[in-house]
Amino acid sequence: MLDQAAHENFPVAPFFLPRAWRADLMALYGFARLVDDIGDGDLAPGGGDAVLLGLDRAQYDDRPALLDALEADLHRVFSDRAPGPKHPLMRRLGPTVRRCALTPGPFLGLIEANRQDQRISRYATYGDLAAYCELSANPVGRLVLGVTGTASPERIRLSDAICTALQIVEHIQDVAEDLRRDRIYLPAEDMKRFGVTEADLAAPTGGPSVRALVAFEVERAGELLDQGAPLVDSVHGRLRLLLAGFVAGGRAALQAVAAADHDVLPGPPKPTKLSLLREVGATLRREG
């Protein structure tokens, strides 16, 4: 599961960070990946994770039960009482939680976001989607600030803007894949405004109305990234480079969508490594 980190849209724990930070960030990634794999039904076959969480092997595809069991294991991470957490990824999380004095809130938010995915597959308004991102994305940035010891109310506000933007970027890239899971993260009010139906999203390629809708969402995500980007210049050293990488990853992904003429239906447009590096440099210069 942890080896998937190299294939994420945005850097998880790049080599230039201190070893302790990399270990803590990978522990956070392991938790986030586990909860997302449960919520998406992407756990490895065989029911091994269900057993590790204290469930019967036959419950390997019972997502609500798995999320409940994961939450129970999370509480064991934060408890001094025996027994400790059951799942190896949760045991790995314990030292990070103690070393960085992390609180349960962000972890519980990520679990709740995946519970919401079991109940809600469409979002009426952008406000509804932003509330979902508050659970599904913003906790990640808050945890990164916690691990690096740099959290403050203003930095959290800026981080939330970046994380919501990055979540929207992924939704833009993954329209076709999400629809195959019977999920649509494009707000219904925006689809109505541009005259886009669910049938339009199921087409092999995007027509003019779909591309106009995607372009609108790209502009919104870009504005959010710009709002949060001052976070980069509020820190120093290698953390500044890491945060620039997050912002640059989002900007490079949006550029890739634009380069595909905003047609995301054949598959998610992805930035090249060169374009990402260029955008990292541009972000550092822009925010410096």
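Q: How many cavities of 30 Å³ or more does the structure hold?

A: First, the ground rules: this is a predicted model, where local features need pLDDT of at least 70, side-chain atom pairs count only at pLDDT 80 or more, and totals for chains, interfaces and linings use all residues. Residues are numbered from 1 along each chain as its sequence is written, and side-chain values use heavy atoms, leaving out hydrogens and water. A cavity is a set of points on a 1 Å grid over the protein atoms alone where a 1.4 Å probe fits but cannot get out; lining residues have an atom within 4 Å of a point. Volume is the space filled by probe spheres set on the points, which are joined across faces, edges and corners. The structure holds two such cavities of 30 Å³ or more.

Q: Which residues line the largest cavity?

A: Its lining consists of His 171, Val 175, Asp 178, Arg 183, Ile 184, Tyr 185, Leu 186 and Leu 201. The volume of the largest cavity is about 40 Å³.

Q: Which residues line the second largest cavity?

A: Among them are Leu 129, Ile 168, Ile 172 and Glu 217.

Q: What does Leu 201 touch?

A: Contact means heavy atoms within 4.5 Å. Leaving aside residues up to four places away in sequence, Leu 201 touches Val 175, Leu 179, Ile 184, Leu 186, Met 191, Val 196, Val 210 and Leu 265. Leu 201 also lines the largest cavity.

Methods. 1 Å grid on protein atoms, 1.4 Å probe; cavity = no way out; pocket = protein on both sides within 12 Å on 5 of 7 lines; lining within 4 Å.
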